[in-house]
Amino acid sequence: MSKPPTLTLPPGARAYRVKTARGEFAVHDAGEPRAGTALLVPGFTGSKEDFIALLAPLARAGFRVVAVDGRGQYETEGPRELGAYAQDELAQDVLAQAEALGGHVHLLGHSLGGLIARAAVLRDAAPFRSLTIMSSGPAAIAHLQQERTRMLIEALAVLDMESVWRAMRDLDPPEAADEATDPAVGEFLHRRWLATVPEQLVATGRQLLTEPDRVGPLAAVPLPKHVLSGEVDYAWPVALMDEMARRLDARRTVVAGAEHSPGAERPAETAEALAAFWHDCGDGAESGTGTGPESGSGSGSGPSSRRPG
(Lines give C-alpha, C1' and ligand atoms only; values in the text may rest on other atoms or scores of the structure.)
Protein backbone atom coordinates (compact mmCIF):
# COMPACT_ATOMS: atom_id res chain seq x y z
CA MET A 1 0.00 0.00 0.00
CA SER A 2 1.34 3.42 -0.97
CA LYS A 3 2.14 5.77 1.90
CA PRO A 4 1.99 9.43 0.87
CA PRO A 5 4.76 11.49 2.51
CA THR A 6 2.24 14.25 3.29
CA LEU A 7 -1.51 14.79 3.28
CA THR A 8 -1.30 18.55 2.72
CA LEU A 9 -2.40 19.75 -0.70
CA PRO A 10 -0.08 22.31 -2.30
CA PRO A 11 -1.23 25.93 -2.63
CA GLY A 12 -3.85 26.32 -5.34
CA ALA A 13 -4.81 22.63 -5.42
CA ARG A 14 -8.48 21.75 -4.96
CA ALA A 15 -10.28 18.72 -3.57
CA TYR A 16 -13.73 18.23 -5.07
CA ARG A 17 -15.94 15.77 -6.94
CA VAL A 18 -15.76 15.78 -10.73
CA LYS A 19 -19.04 15.01 -12.51
CA THR A 20 -18.89 12.49 -15.36
CA ALA A 21 -21.31 10.49 -17.47
CA ARG A 22 -20.68 7.58 -15.09
CA GLY A 23 -21.12 9.41 -11.81
CA GLU A 24 -19.04 11.63 -9.56
CA PHE A 25 -15.45 10.91 -8.54
CA ALA A 26 -13.42 12.50 -5.76
CA VAL A 27 -10.32 14.22 -7.13
CA HIS A 28 -7.36 16.41 -6.31
CA ASP A 29 -6.83 18.99 -9.04
CA ALA A 30 -3.74 21.20 -9.32
CA GLY A 31 -2.13 23.46 -11.89
CA GLU A 32 -3.11 25.05 -15.18
CA PRO A 33 -3.01 23.15 -18.50
CA ARG A 34 -0.39 25.32 -20.19
CA ALA A 35 1.40 22.17 -21.41
CA GLY A 36 -1.51 19.76 -21.04
CA THR A 37 -3.65 17.84 -18.57
CA ALA A 38 -2.74 14.57 -16.82
CA LEU A 39 -5.11 12.05 -15.22
CA LEU A 40 -3.59 9.89 -12.47
CA VAL A 41 -5.21 6.54 -11.59
CA PRO A 42 -4.21 4.91 -8.25
CA GLY A 43 -3.48 1.30 -7.47
CA PHE A 44 -4.85 -1.52 -5.32
CA THR A 45 -5.86 -0.27 -1.83
CA GLY A 46 -4.80 3.20 -3.03
CA SER A 47 -6.37 6.61 -3.57
CA LYS A 48 -5.72 10.05 -5.02
CA GLU A 49 -3.58 10.90 -1.97
CA ASP A 50 -0.84 8.62 -3.29
CA PHE A 51 -0.08 11.35 -5.86
CA ILE A 52 -0.11 14.40 -3.54
CA ALA A 53 3.66 14.84 -3.66
CA LEU A 54 3.58 14.95 -7.49
CA LEU A 55 1.00 17.73 -7.76
CA ALA A 56 3.22 20.76 -7.09
CA PRO A 57 6.22 19.83 -9.28
CA LEU A 58 4.00 18.78 -12.19
CA ALA A 59 1.94 21.98 -11.87
CA ARG A 60 5.18 24.01 -11.93
CA ALA A 61 6.13 22.15 -15.11
CA GLY A 62 3.00 23.50 -16.79
CA PHE A 63 0.49 20.70 -16.33
CA ARG A 64 -2.96 20.47 -14.87
CA VAL A 65 -2.84 17.29 -12.79
CA VAL A 66 -5.99 15.47 -11.67
CA ALA A 67 -5.63 12.50 -9.28
CA VAL A 68 -8.77 10.44 -8.82
CA ASP A 69 -10.36 7.97 -6.42
CA GLY A 70 -11.84 5.21 -8.56
CA ARG A 71 -15.26 3.83 -7.79
CA GLY A 72 -15.27 2.20 -4.37
CA GLN A 73 -11.93 3.80 -3.41
CA TYR A 74 -11.77 6.04 -0.33
CA GLU A 75 -13.93 9.11 -1.04
CA THR A 76 -15.69 7.83 -4.17
CA GLU A 77 -18.74 5.72 -3.42
CA GLY A 78 -19.31 2.36 -5.05
CA PRO A 79 -21.96 -0.36 -4.99
CA ARG A 80 -21.67 -3.51 -2.89
CA GLU A 81 -21.65 -5.70 -6.00
CA LEU A 82 -18.62 -7.51 -7.41
CA GLY A 83 -19.72 -6.98 -11.01
CA ALA A 84 -19.52 -3.21 -10.60
CA TYR A 85 -15.72 -3.54 -10.38
CA ALA A 86 -15.08 -5.65 -13.46
CA GLN A 87 -12.06 -4.28 -15.28
CA ASP A 88 -14.11 -3.10 -18.24
CA GLU A 89 -16.38 -1.13 -15.89
CA LEU A 90 -13.37 0.56 -14.30
CA ALA A 91 -11.90 1.26 -17.75
CA GLN A 92 -15.13 2.94 -18.81
CA ASP A 93 -14.92 5.09 -15.67
CA VAL A 94 -11.45 6.28 -16.75
CA LEU A 95 -12.75 7.11 -20.22
CA ALA A 96 -15.59 9.12 -18.63
CA GLN A 97 -13.13 10.95 -16.38
CA ALA A 98 -10.94 11.83 -19.38
CA GLU A 99 -13.98 13.12 -21.25
CA ALA A 100 -15.02 15.24 -18.27
CA LEU A 101 -11.55 16.81 -18.25
CA GLY A 102 -11.87 17.77 -21.89
CA GLY A 103 -10.08 14.81 -23.47
CA HIS A 104 -6.57 14.76 -24.96
CA VAL A 105 -5.13 13.92 -21.52
CA HIS A 106 -1.93 12.22 -20.50
CA LEU A 107 -3.00 9.05 -18.67
CA LEU A 108 -0.97 7.51 -15.84
CA GLY A 109 -1.89 4.32 -14.00
CA HIS A 110 -0.03 3.13 -10.89
CA SER A 111 0.12 -0.63 -10.15
CA LEU A 112 -3.45 -1.94 -10.52
CA GLY A 113 -4.18 1.46 -12.04
CA GLY A 114 -1.74 0.58 -14.81
CA LEU A 115 -3.87 -2.44 -15.74
CA ILE A 116 -7.03 -0.34 -15.66
CA ALA A 117 -5.41 2.46 -17.67
CA ARG A 118 -4.26 0.11 -20.41
CA ALA A 119 -7.75 -1.44 -20.52
CA ALA A 120 -9.15 2.05 -21.08
CA VAL A 121 -6.65 2.73 -23.86
CA LEU A 122 -7.40 -0.61 -25.50
CA ARG A 123 -11.11 0.17 -25.37
CA ASP A 124 -10.68 3.69 -26.83
CA ALA A 125 -7.38 5.57 -27.18
CA ALA A 126 -8.98 8.72 -28.64
CA PRO A 127 -9.23 10.72 -25.35
CA PHE A 128 -5.52 10.30 -24.55
CA ARG A 129 -2.28 11.99 -25.55
CA SER A 130 -0.04 9.37 -23.94
CA LEU A 131 0.00 6.41 -21.54
CA THR A 132 2.37 6.01 -18.59
CA ILE A 133 2.38 2.65 -16.81
CA MET A 134 3.96 3.11 -13.37
CA SER A 135 5.04 0.08 -11.32
CA SER A 136 2.76 -2.24 -13.28
CA GLY A 137 3.66 -5.25 -15.38
CA PRO A 138 2.50 -7.18 -18.41
CA ALA A 139 0.23 -9.71 -16.69
CA ALA A 140 -0.54 -11.06 -13.19
CA ILE A 141 1.45 -10.04 -10.13
CA ALA A 142 4.45 -12.01 -8.84
CA HIS A 143 3.90 -15.36 -7.09
CA LEU A 144 4.59 -14.14 -3.53
CA GLN A 145 2.18 -11.25 -3.92
CA GLN A 146 -0.40 -13.62 -5.36
CA GLU A 147 -0.31 -15.56 -2.10
CA ARG A 148 -0.80 -12.40 -0.03
CA THR A 149 -3.62 -11.24 -2.29
CA ARG A 150 -5.40 -14.61 -2.05
CA MET A 151 -5.16 -14.41 1.73
CA LEU A 152 -6.69 -10.94 1.65
CA ILE A 153 -9.57 -12.02 -0.60
CA GLU A 154 -10.27 -15.01 1.65
CA ALA A 155 -10.18 -12.82 4.77
CA LEU A 156 -12.60 -10.30 3.26
CA ALA A 157 -15.11 -13.12 2.77
CA VAL A 158 -15.33 -13.85 6.50
CA LEU A 159 -14.12 -10.77 8.40
CA ASP A 160 -15.10 -7.10 8.60
CA MET A 161 -12.73 -4.42 7.31
CA GLU A 162 -11.40 -3.51 10.76
CA SER A 163 -10.54 -7.14 11.53
CA VAL A 164 -8.81 -7.56 8.18
CA TRP A 165 -6.82 -4.36 8.83
CA ARG A 166 -5.57 -5.71 12.15
CA ALA A 167 -4.66 -9.04 10.57
CA MET A 168 -2.67 -7.29 7.84
CA ARG A 169 -0.80 -5.22 10.43
CA ASP A 170 0.14 -8.44 12.24
CA LEU A 171 1.63 -9.81 9.01
CA ASP A 172 3.75 -6.73 8.34
CA PRO A 173 7.48 -6.86 9.12
CA PRO A 174 8.59 -4.97 12.27
CA GLU A 175 9.98 -2.02 10.28
CA ALA A 176 6.50 -1.35 8.86
CA ALA A 177 5.45 -0.12 12.30
CA ASP A 178 7.02 3.23 11.42
CA GLU A 179 4.14 3.90 8.95
CA ALA A 180 5.65 7.25 8.16
CA THR A 181 7.41 10.14 9.85
CA ASP A 182 4.01 11.81 10.26
CA PRO A 183 1.64 9.81 12.50
CA ALA A 184 -1.28 11.44 10.68
CA VAL A 185 -0.33 9.38 7.63
CA GLY A 186 -0.76 6.16 9.58
CA GLU A 187 -4.18 7.34 10.74
CA PHE A 188 -5.07 8.22 7.15
CA LEU A 189 -4.09 4.76 5.87
CA HIS A 190 -6.44 3.19 8.43
CA ARG A 191 -9.25 5.61 7.56
CA ARG A 192 -8.79 5.03 3.84
CA TRP A 193 -8.88 1.27 4.30
CA LEU A 194 -12.14 1.41 6.24
CA ALA A 195 -13.70 3.67 3.58
CA THR A 196 -12.80 1.33 0.70
CA VAL A 197 -15.63 -0.90 -0.55
CA PRO A 198 -14.67 -4.55 0.18
CA GLU A 199 -16.20 -5.80 -3.07
CA GLN A 200 -13.88 -3.44 -4.92
CA LEU A 201 -10.89 -5.04 -3.20
CA VAL A 202 -12.09 -8.57 -3.94
CA ALA A 203 -12.84 -7.90 -7.60
CA THR A 204 -9.65 -5.98 -8.31
CA GLY A 205 -7.58 -8.43 -6.26
CA ARG A 206 -8.83 -11.20 -8.54
CA GLN A 207 -7.77 -9.11 -11.53
CA LEU A 208 -4.25 -8.91 -10.12
CA LEU A 209 -4.23 -12.70 -9.84
CA THR A 210 -5.58 -13.48 -13.31
CA GLU A 211 -4.61 -10.58 -15.59
CA PRO A 212 -3.51 -11.91 -19.02
CA ASP A 213 -0.59 -10.53 -20.98
CA ARG A 214 -2.07 -7.75 -23.13
CA VAL A 215 1.20 -6.12 -24.20
CA GLY A 216 0.81 -7.19 -27.83
CA PRO A 217 -2.53 -5.45 -28.38
CA LEU A 218 -1.31 -2.40 -26.44
CA ALA A 219 1.82 -2.14 -28.58
CA ALA A 220 -0.43 -1.80 -31.63
CA VAL A 221 -2.17 1.27 -30.21
CA PRO A 222 -0.67 4.40 -31.86
CA LEU A 223 -0.01 6.29 -28.62
CA PRO A 224 3.27 7.35 -26.95
CA LYS A 225 4.01 5.05 -24.03
CA HIS A 226 6.19 5.26 -20.93
CA VAL A 227 7.05 2.52 -18.43
CA LEU A 228 8.25 3.95 -15.09
CA SER A 229 9.22 2.09 -11.93
CA GLY A 230 11.54 2.08 -8.96
CA GLU A 231 14.75 0.05 -8.76
CA VAL A 232 12.99 -2.69 -6.77
CA ASP A 233 9.40 -3.87 -7.06
CA TYR A 234 7.65 -6.60 -5.08
CA ALA A 235 4.56 -6.78 -7.31
CA TRP A 236 6.22 -7.11 -10.72
CA PRO A 237 9.96 -7.78 -11.14
CA VAL A 238 11.81 -4.80 -12.62
CA ALA A 239 13.30 -7.01 -15.33
CA LEU A 240 9.76 -7.89 -16.40
CA MET A 241 8.93 -4.20 -16.76
CA ASP A 242 12.15 -3.69 -18.75
CA GLU A 243 11.03 -6.36 -21.17
CA MET A 244 7.50 -4.93 -21.35
CA ALA A 245 8.93 -1.53 -22.28
CA ARG A 246 10.93 -3.12 -25.09
CA ARG A 247 7.85 -4.89 -26.40
CA LEU A 248 5.89 -1.64 -26.30
CA ASP A 249 8.71 0.44 -27.82
CA ALA A 250 8.11 2.67 -24.80
CA ARG A 251 10.29 5.11 -22.97
CA ARG A 252 11.68 3.39 -19.86
CA THR A 253 12.44 5.23 -16.61
CA VAL A 254 13.88 3.63 -13.48
CA VAL A 255 13.80 5.98 -10.48
CA ALA A 256 16.81 5.42 -8.23
CA GLY A 257 16.02 4.87 -4.57
CA ALA A 258 12.36 4.08 -5.23
CA GLU A 259 10.44 0.82 -4.93
CA HIS A 260 6.78 0.18 -5.78
CA SER A 261 5.55 3.77 -5.25
CA PRO A 262 8.00 6.17 -6.97
CA GLY A 263 5.50 9.02 -6.86
CA ALA A 264 5.42 8.87 -3.06
CA GLU A 265 8.98 7.69 -2.40
CA ARG A 266 10.92 9.89 -4.87
CA PRO A 267 8.38 12.50 -6.04
CA ALA A 268 10.82 15.09 -7.39
CA GLU A 269 12.64 12.61 -9.61
CA THR A 270 9.40 10.95 -10.69
CA ALA A 271 7.79 14.28 -11.59
CA GLU A 272 10.88 15.26 -13.57
CA ALA A 273 10.67 12.09 -15.66
CA LEU A 274 6.92 12.43 -16.19
CA ALA A 275 7.12 16.08 -17.22
CA ALA A 276 9.97 15.39 -19.63
CA PHE A 277 8.00 12.60 -21.31
CA TRP A 278 4.80 14.61 -21.52
CA HIS A 279 6.62 17.64 -22.92
CA ASP A 280 8.27 15.41 -25.53
CA CYS A 281 4.90 14.04 -26.61
CA GLY A 282 3.95 17.47 -27.96
CA ASP A 283 0.65 18.36 -29.56
CA GLY A 284 0.94 15.60 -32.14
CA ALA A 285 1.24 12.79 -29.62
CA GLU A 286 -1.91 11.09 -30.76
CA SER A 287 -0.33 9.99 -34.04
CA GLY A 288 2.48 7.45 -34.17
CA THR A 289 4.07 5.38 -31.43
CA GLY A 290 7.30 7.31 -30.92
CA THR A 291 7.91 8.94 -27.56
CA GLY A 292 9.92 11.94 -28.70
CA PRO A 293 13.63 12.55 -28.17
CA GLU A 294 15.52 10.07 -26.06
CA SER A 295 16.58 11.11 -22.58
CA GLY A 296 20.08 10.44 -21.36
CA SER A 297 20.74 8.20 -18.36
CA GLY A 298 20.28 9.95 -15.04
CA SER A 299 22.76 9.88 -12.19
CA GLY A 300 22.69 10.03 -8.42
CA SER A 301 19.18 9.79 -7.01
CA GLY A 302 17.47 10.90 -10.20
CA PRO A 303 15.71 8.83 -12.82
CA SER A 304 17.38 6.84 -15.53
CA SER A 305 15.26 7.35 -18.65
CA ARG A 306 15.85 5.53 -21.91
CA ARG A 307 14.23 4.12 -24.99
CA PRO A 308 14.61 0.35 -25.31
CA GLY A 309 16.90 -0.85 -28.01
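This is a predicted model: local features need pLDDT of at least 70, side-chain atom pairs count only at pLDDT 80 or more; totals for chains, interfaces and linings use all residues.
**Exercise 1.** Find out which parts of the chain arginine 64 and aspartate 29 tie together, and whether each residue is buried or exposed.

*Solution.* Start with the contact: the closest N and O atoms of arginine 64 and aspartate 29 are 2.6 Å apart. Now check accessibility, where buried means under 20%. Arginine 64 has 18% and counts as buried; aspartate 29, at 5%, is buried too.

**Exercise 2.** Work out where glutamate 75 and lysine 48 lie.

*Solution.* These two side chains meet in a salt bridge at 2.7 Å, N to O. Glutamate 75 belongs to the loop between S4 and helix H2, while lysine 48 belongs to the loop between strand S3 and helix H1, so parts 27 residues apart in sequence get tied together. As for accessibility, lysine 48 is buried at 1%, but glutamate 75 is partly exposed at 37%.

**Exercise 3.** Say how glutamate 243 and arginine 246 are placed in their helix.

*Solution.* First, the bridge: their side chains meet at 3.0 Å, N to O. Both are in helix H9, three residues apart, which means about one helical turn separates them. Glutamate 243 is partly exposed at 35%, and so is arginine 246, at 43%.

Key
Residues are numbered from 1 along each chain as its sequence is written. Side-chain values use heavy atoms; hydrogens and water are left out. A salt bridge is a side-chain nitrogen of Lys or Arg within 4 Å of a carboxyl oxygen of Asp or Glu. Buried means under 20% relative accessible area, exposed over 50%, partly exposed in between (1.4 Å probe, protein chains only). Helices (H or I, at least four residues) and strands (E, at least two) are DSSP runs, numbered from the N terminus.
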